[in-house]
Structure formats: structure tokens, C-alpha cells
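Look at the sequence and the structure first, then read on.

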Amino acid sequence: MMDNAMPVSVETIKVEGCDTIPRLFWHQVGARDDRTAFREKDLGIWKSTSWRDYGERARAAGMGLVRLGLERGEVVSILAETIPEWLYVDMGTMGAGGVSNGIYPTDSAKQVEYILSDSQSRFLFVEDEEQLDKFLEARERCPQVRKVFVFDMEGLSDFRDDQVMPFDELLALGRQHQADHPRLWEELIAGSQPEDLALLVYTSGTTGPAKGAMISHRNVIFQIANADAFVSMRANDEQLAFLPLCHIAERTFTVFLPLRSGAIPNFAESLETVPENVREVAPTTFFAVPRIWERFYSGIAIRMKEATWIGRMAYRWAVSVGLQVAEARLEGRRPSALQSLLYQVADYLVLDNIKRAIGMHRVRFAGTGAAPIAPDLIKWYRALGVDMREVYGQTENCGIATGMPDQAKLGTVGVCAPHTEVRISADSEILLRGPHVFMGYLNNPQKTAETVRDGWLHTGDVGFLDNEGYLKITDRMKDIIITAGGKNITPSEMENQLKFSPYISDAVVIGDRRKFLSCLVMIDYENVAKYAQDSNVPFTDFASLCRTREVIDLIGSEIERVNQSFARVETVKKFRLIEQQLTAEDDELTPTMKLKRKFVNEKYKSLIDGMYVEAT
Amino acid sequence: MAEPILKVANIETYYGPIMAIRGVSFEVPEGGIVTILGSNGAGKTTVLKTICGVMDPQKGSVVFQGREIQRMDPDKVMRLGISHVPEGREVFPFLTVRENLRMGAFTRRDSDGVAQDLEAVFGYFPVLRERADQRAGSLSGGEQQMLAISRALMARPKVMLLDEPSLGLSPKLVKDIFDIIVRINRERGVTILLVEQNANMALQTADYGYVLEVGRIVMADTCERLVEKEDIKEFYLGIKEQGARGQRRWKKRKTWR
């Protein structure tokens, strides 16, 4: 089915009769009017914003930018956490004909400078004082930035700078401009074209400097039009918005898909409060990266270790019942009457409580993506009764490329999105074609030509399609390890298994052109410290914790457990712990807290070499 | 390295259901000055109370001169040679200064030695001699702090636990008191465990330091190296790099490295 040449649709793609983001947005603002668009927590209370207010503020922001000279096609950058203002600026900018670009709030001043220059941003929106300082540090080298707007002026009341303006002032300016030119906004929206550049998304760049992927209105509208093949979409769905909006996955889920569905994002107070917020909101659709799913799981796993004997037995029993039912469904069988009955009991007594503890008791669609995940973890959620589905895609195809149909198949990322094609190249690379393929990298025709050849997007991922058209991803092409013995090894499979351990936050398997495999481990501080405390292991700081014999043995036994499910040549023979607690600001981590393989390989070279020196 | 005189391993101490100390371990070498830094509510005082027996740990051990002393009664701990100078001084207000000092020597039977120590204490804090017959409640805050330290000293301790000696004192007085703490350490060989919010003073005085945050130690190093750490500078010493605006009010994330 997938291999058949499929004519890539060239006719216009529309949602609600609209073929660009601003048209769809403005159409829905009118249609939905006082219905809730999203909620945010203000002084402890969830407050709603209507579509009318969402539209009015977006228009004020957009008109303000026009008043200050924004021209069609010019870039506006946003440097902020996941907050409603992000959406006002995003929609305002695109409505005014500008190009919207998000910058990770964890980026350093240097990275901000690079992105501002590379994108030739004319305007910049920053969240607060902290983010503003990054710009002020870089501003001499970013002369093209005309003005900077600050959402939260706390701590800046006595700060005066011609180039810096409070966001509220911009809105006031925009409202005035709107009053003076009442038809301009709608004219600007009418001027948007589907083939126009809508947004830039800088890919985190684990190799070399970040590249700005150019996404057109058509790319986004196409995804909005087809996402319901994999993502449940109903008006009044409750969601939680907490991942960085610069990331295409969160942007799609929180900003774009609700344009069609009317689902209501609830903005989490911060990344730290996600566990509480998710319980309060009890989302009906929830998308998260594997790291978040891993955290929920390890929270429960650790709690179960402390539970009473009866509690542990009940948990074990209930999960095993859940697994039987989940496995039956995965195999396309109906669970037996007895299994169904037992499941109801297990759900009533145990599973429902677990779901409530992680806020998943109302969830109809639980998505995971943006990074590989251990199939066993998905199975665990399915045993609880959470219909977790993996989606696969990348920035360059504007989000979804494949998704899991109702008949899920674990270990795969599902089937090809409607009206698109997936193909495997001669050297096993996954190729994508369709209206979702991006326009190319900004200022980088060479990279663009390497990435998109004959309309096929070269993903850099290696994988294969099975006989039913399900895509299985082996690994990132450049991550594949060829050992000195000539054996090809895909590290991510093992890494995902390792991350499944509550004590391991992330792991990098090493062994390219080496005699055996080794591994660098970043421990989960909270859980490992708890373990040390419970087993009477004295430690002081993070490094001393990593050096205790007991912790090394603990991680060793976790690795050994994972080793058992791999062939002997594929097992990890040695490992080291990273003795520094890393944060998202560190270069070693991506903004989504994944270790960057290449960077880690360089930074911890001596630690890695040490493992191989001893061996000889 | 010689066996430390005081060794705390993995203690957990609760206030009702709240675990205030979550697996804290540290060592104090004989004759040294060790400081524990931390903000309000980090658990510093609880650590000292657990050592001197006022509070009992749920778990873990406190080893003093090779002997486990956790869950021992405070008076026994004190007889073994650990004196506690509590936060807020806690002198006996209606007793005179001299009586307060004698209370410190309550457990001692060697009257010659006590008289000697009384002289020594007056040597350290001459103002206490002047006020020897005055009620302790009528002393100034600084004098009360001197009295509390002196009272602890009267027991001829091997280890002295000092809980925020700088609390509420003028900068000048703080310096004087810290000078004397160092002298007591050098001249009398008393090992000192110092808990402080005045990180600047504590880091100058001590040899080794631990940083306590919400019941857990997050950093441990010699004071020389601690003062060079970015997080210590920003969060404990109040030194910030100058930003592009000349000042910056937002706080970095703590990384403790």
C-alpha cells in the first residue's frame, strides 16, 4: 500500500475552507467567539481565555508590529516558556504576514545571538528580565533587531531603553492602529498564501550549529487536516501545555490542532509542576515526550517499592491482569470473558488509582513522540488502560509522518500518514514524501539539497516497513555503532531499555570502532539518592553519590538486567556514571533533556577512553 | 587520615510525618572547624539537635570517638564531650552570668579545673567578668552569645556545636565572636561544628564546609574551594556577575558544582 506510487496531491489543502494559518485562525475566532480557547493558572486559579480575547490580543500584537514597520515575510522571534503570550505573538505575527520563530528559553545568550542573526529577526519577544538579559548581551552583534518586547516587566520598572518595550504597550499601539485602519488586519490575512513561509523551527542541532527549518502554511494546514487519522480530536478536549512551544510537536498539539478541533490547552505553571497540574486538569488528550512518560512510571515504581506487602502484591497482580488484556488486544484478539472480568476488578481496585495518581484517568488519547521509547513502557500504560500511541515525525516534515492506527503494533511507529508516502532507500534510510515535506533550511541550500532529493525527505533514520506497512525504526543513521569486530549495533534500543529503569535518567551507549560496548549513565538524582538513603549509604554531594560502591552496583545490576535481553556481542561490558548533575542549560543536554551523543562523546572522552584502556 | 572525631552517617530525622533530614552524612575531623551552610528550613538546626540527642534520628548513626551515640539522652552526650550552643543563645535569664557559667560545669566534679576554666572564659570575654553578678537576661544580645559560648566551654567539651552564633549581632561583634571561636579551636583544641547563615564569615573561619538544601547535602568541599564555586558566590555570598544592564535580579538555576 505504501510502496505504490501515490500522486502527491497538488490541489489546495483546506481546513474549514481555509488554506493558511491566519485564515483558519481568524475564521475560528469568529466562529467560536466566547467559547474557551485555553486556560492558564493565575494565583492558584485556572482562568479561561475566550477565542474572542485570544483573537483580539493576537490582532493587537500583530497590528502593533505592523505599526512598527513589520513587512510581509520578515521574521519575529519569541524567547519564552510555554505561556499564552506565545500564542498571541505567534498568531499575531503570522496574521500580519510575518514569519514566526521560537527560541528555546534554555538557550544561552550566544545561541540566541546566532538564531537572531541567522533568521534576520526584526523583532524579538522575551518572557522576562532573565531572557531580556540574553538579548542585551548580544545586541551589538544583532543590529537587525529593531525592537524587543517584554511580556513580564517584573524587576524592570525602572529600566529604560529605546529598543525595549513592554508587551502591553505594543498591544496598546496595535489597538490604536486597528482603530485607525479598521480593514487592514483582514486585508493582511487575505494576503497570506499557502506556499508562503509561515514559521521557522530551529532544529536543536546535535551536530553543528542549529539549522532553521522553513515550514509553509500549506505544511501546517496539511497536518491539521490529516492529524485526526492518528490523534483523537474533539471540541472540549482538555489538554496540558507544558513542553517548549519551539518544538514542532508541542506547537502542533497546543497551537495548531486546536485551530481545527477546538480542544482546550491548559498551560502548566512550570515544568516542575507538571505532575500536580496534570492531576488537576485530568486531560482527555495528552501528548508528551518519552522522558515525561518515564518519569510518571518511575514515580509509581518507586512508590510501589515503599508500599505495604499487600499493596505491592495487589499492584503486581493488577498490572499482570492488565498486561494480559493489553497483549490480547495488541494481538488483535478479544480478551476472554474471565480476563475482562478480572480486569474490571483490577481496574476498580488498583489500576484506576494509579491512573488518578498520574492524572491519566480521563485520557482518551495519550501520545508519545519526538524521541524513541521502550515498547515495554507503552505496554505498561496500556495495561493501566491508557491507550498510548506513538507518533513519528520530525521538524522537516512538520510533525506527524506516521502514527499508530487502532490496531497498534508495539515496537513500530505505526503506519504512514494519509496522502503521504514512506519509502526505504537502498541503504535502509527512511524517506518521506508528501505535502508535509518542508521548504528547506534557511540560508543553507546545500543542506537542503542533501536532505530533500526528488521530493523525498531523507530523514536520517534507519528502519524498515513490515508486511503490513508498519514502520519500524532502527536508529538514527549516524548513531549506528560499528564495533571493531564489524558488528552493527543500534544503541537506542538498549538506551531505551536502560531509561526504563527508575534509577537511570539517560544513557549513551558507546562502542563505535571499539572492541566492546560501554555506556555512560546519567542517574536520576531523586530516585538514586532515595535508594542510597534507604540502604544506609552515606553520601554528600552528587559526585560522591555517584562514587559509592552501592550506587555503582545498583546501576551495574540495572545494566545487567537489560543486557540479558540482548545477544552477547550487544551487551554493555563497562559503564561510567556522569558525576555532574546536568540541567537543560548545559550543552550536554537538548532542551528536552536528552543527552547529545556526539557532545557527550567529546566531552567525556577521557572517561570513555579510560574504560577501554583498562581493558587492554 | 585519622578517624574523624564525629561521624554522621545517613541520618533521617522527622518532625511528625515530615522528614526534615533526608539521609545526611558528613564527618568532622578532630581539631578542625567544619561548617554547615544552608538557607532557612534546610535542616541545619535539626542536624545539630540530632547529634546532641535533643532529637532522635529514625535512621542512621552518629559516631563520636568510635562510639554510636544516636538516640542517647542529651545529658549523656554532653558528658561524653559534646556541647551545644543553641540558636538564640538560650541563657538562663534570671541567673547571674556566673551562675550561668557554673550551670555549664554542672556535671563536673573537679572544682580546681572549673575555677581555671572560669578564668579562661573571662580571658576570652572580659566583659563577662565585668558583668559576672548581673542577671543574664539583662545582657545585650552579643554578650548573651558570649555567655552561651562560654557556658558550653565550661563543660570542657571535645566538640562544640554552634548554632548560628552570628544571629542578630552587629558585623563588628560577629567578627569578634568568630575570632574567639578560632582561638578556642586553636588554643584549647576544641573541634567545632558550626551552622551558619552568614556564609561569608563561616567560610572564612572553617576549614571544610557542607551545603545543606531541603534536608540533603548538595555540596561538600574545603572552604577555600567552596568560595570559588559559582553557586556559593551567587546564593550564599551575594556576589553576582554584572549583567549587560549592570544589575540582575533573576536567579540562576542552582547546579551545585
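Start with one pair of residues in chain A. R39(A) has N266(A) as its bridge partner in β11(A). The strands β1(A) and β11 (residues 264-267) of chain A pair in the parallel sense, over two bridges. Two strands pair if DSSP finds at least two bridges between them. Strands (E, at least two residues) and helices (H or I, at least four) are DSSP runs, numbered from the N terminus.

A word on the source. This is a predicted model, in which local features need pLDDT of at least 70 and side-chain atom pairs count only at pLDDT 80 or more, while totals for chains, interfaces and linings use all residues. Residues are numbered from 1 along each chain as its sequence is written, and chains are lettered from A and ligands numbered from 1 in the order in which they are written.

**Strand pairs**

β1(A) also pairs with β2(A), in the antiparallel sense. These two strands form a hairpin with two residues between them. In the turn, L43(A) has a positive phi of about 50°. K41(A) has W46(A) as its bridge partner in β2(A).

| Strands | Sense | Bridges |
|---|---|---|
| β1 (36-42) and β2 (45-50) of chain A | antiparallel | six bridges |
| β1 and β11 (264-267) of chain A | parallel | two bridges |
| β7 (159-163) and β8 (191-196) of chain B | parallel | five bridges |

**Chain A as a whole**

Chain A holds 21 helices and 27 strands. Its C-alpha trace spans about 70 × 60 × 55 Å along the principal axes. Its radius of gyration is 25 Å, which agrees with the value near 25 Å for a compact globule of 616 residues. That radius is taken over C-alpha atoms, and the globule rule is 2.2 Å times the number of residues to the power 0.38.

How much of chain A is buried? Buried residues make up 51% of its 616 residues. A residue is buried if 20 or more other C-beta atoms, placed from the backbone, lie within 10 Å of its own.

**The cores**

Nonpolar side chains tend to be buried together in soluble globular proteins. A nonpolar core is a set of buried Ala, Val, Leu, Ile, Met, Phe, Trp, Tyr and Cys residues joined through C-beta atoms within 7 Å. The largest one here has 191 residues. C519(A), V521(A) and I555(A) have the most contacts inside it. Helix α2 (residues 51-67) of chain A gives the largest share, eight residues. Another core lies apart, with 74 residues, among them I21(B) and C223(B).

**The sheet in chain B**

Six strands of chain B form an open sheet with mixed pairing, in the order β6-β7-β8-β3-β9-β10. β6 (82-85) and β10 (216-222) of chain B stand at the edges. Each has a single partner strand, so one side of each is left without a neighbour in the sheet. Inside the sheet, M160(B) has I192(B) as its bridge partner in β8(B).

**Where the chains touch**

The contact takes 22 residues from chain A and 24 residues from chain B. Two residues are in contact if their C-beta atoms, placed from the backbone, lie within 7 Å. On the side of chain A, α5 (129-138), α17 (525-534) and α18 (542-547) each give two or more residues. α5(A) gives the most, with five residues.

Terms used: A residue is buried if 20 or more other C-beta atoms lie within 10 Å of its own, exposed if 12 or fewer, and partly exposed in between; C-beta atoms are placed from the backbone.
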